[in-house]
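Please work through the following exercises with the sequence and the model at hand. Each task is followed by a solution in steps.

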Amino acid sequence: MPVLGLDTSNYTTSAALFDGREGKNLGRLLEVRPGGLGLRQSDALFQHVKRLPQLLEELLEERRDIQAVGASTRPRAVVGSYMPCFLAGESQGRGIASALGVPFFRHSHQQGHLAAAAWSAGRTDLLDSPFLAWHLSGGTTELLLVKPEGYTVAAEIIGGTSDLSAGQLIDRTGVLLGLRFPAGKALDELYAQADACYEPRVKLKDLTFSLSGMENQVKDLAEEGEKPANIARFTIDAISNVVWRATQEAQRRYPGLPVLCSGGVASNSQLRSGMIHLCGAIFAQPEYSTDNAMGTATLTWRALKAGERP
């Protein structure tokens, strides 16, 4: 039962095929001008509309046996969650489903991240029982209590940042250092060149923390002439340390639950190695940590298999 999944986030256009065992995802980063810190929604939507047809032609080729289509239609599965950029995937997905005479399923971007992480780690069984999860990305740093809800999952926010997301701190640090946006990969590479350790410590209250103070400290380090590699290490250590501590506290409150890490920031090597050592955390493969449509395709397949109807 091959299905098609679409995801049009603020920074990546993605399309994926999934047949219950194997999957293929194609993604293209949106263009952000040098020195920029992101895109306006109107610009992101325009780029998605231009890119999706090309991605679909490359992905589908001669394939005409699609049994269902799914798309991310909002950031989170809660009332009021909305971003215009998801209209690109939803509108084209609905049109394709209508032309093929197959069902169209709506999912949230966050549900897609969680499903992609579980699938790429070989642990789709996680989607059928409660677990803890981190959604660490450019716009989201949330600690979640996730429970199965039919073919999909329901995620309750139990912690995370109260202001700046981990991805925003990384990208703002990167742009300050003259790196291209998004800056996660480049900052990760710089980390290995550091020769100083500041041991930053973010205050953790319950399961919530603030990263805005770290941004101010990063600016101070840059003004003092600190090496870019040491600034990169400061930023990544600040994020990693507080995520580790919040995870430990969450496991104390919700004993026995596995921890799944998703989102682009979860591909950081320092954060990843620490979490695996700390609690045996389960991570998406790096290419499925960043925005992709594989999770949306996985959930669409599960909906079709379960006999659900839109």
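The exercises below treat aromatic pairs, a strand unit and a helix contact.

The model is predicted, so local features need pLDDT of at least 70 and side-chain atom pairs count only at pLDDT 80 or more, whereas totals for chains, interfaces and linings use all residues. Residues are numbered from 1 along each chain as its sequence is written, and side-chain values use heavy atoms, with hydrogens and water left out.

**Exercise 1.** Determine how many aromatic pairs the rule gives, and characterise the pair of Tyr11 and Phe181.

*Solution.* Step 1: rings of Phe, Tyr and Trp (its six-membered ring) pair if their centres lie within 6.5 Å; planes under 30 degrees apart count as stacked, over 60 as edge-to-face and the rest as tilted. The count comes to 7 aromatic pairs.

Step 1: Tyr11 and Phe181 are edge-to-face, at 5.1 Å centre to centre and with 65° between the planes. Tyr11 belongs to the loop between strand E1 (3-8) and strand E2 (12-18), and Phe181 to the loop between helix H4 (166-176) and helix H5 (184-191), so the pair ties together parts 170 residues apart in sequence. Helices (H or I, at least four residues) and strands (E, at least two) are DSSP runs, numbered from the N terminus.

Step 2: buried means under 20% relative accessible area, exposed over 50%, and partly exposed in between (1.4 Å probe, protein chains only). Tyr11, at 23% relative accessibility, is partly exposed; Phe181, at 12%, is buried.

**Exercise 2.** Describe the setting of strand E5 (residues 104-108).

*Solution.* Step 1: 4 of the 5 residues of E5 are buried, so this strand is largely enclosed by the rest of the structure. Step 2: strand E4 (residues 68-74) and E5 run parallel and are joined by 5 bridges (strands pair if DSSP finds at least two bridges between them). Val69 has Phe104 of E5 as its bridge partner.

**Exercise 3.** At what angle do H3 and helix H9 (residues 294-305) pack?

*Solution.* Step 1: the angle is about 90°, with the axes 7 Å apart (axes are lines fitted to C-alpha atoms over the stretch in contact, and angles run from 0 to 180 degrees between N-to-C directions). Step 2: H3 and H9 are therefore roughly perpendicular (65 to 115 degrees; under 35 counts as roughly parallel, over 145 as roughly antiparallel and the rest as oblique). Step 3: the contact (heavy atoms within 4.5 Å) involves residues including Trp119 of H3 and Leu299 of H9.
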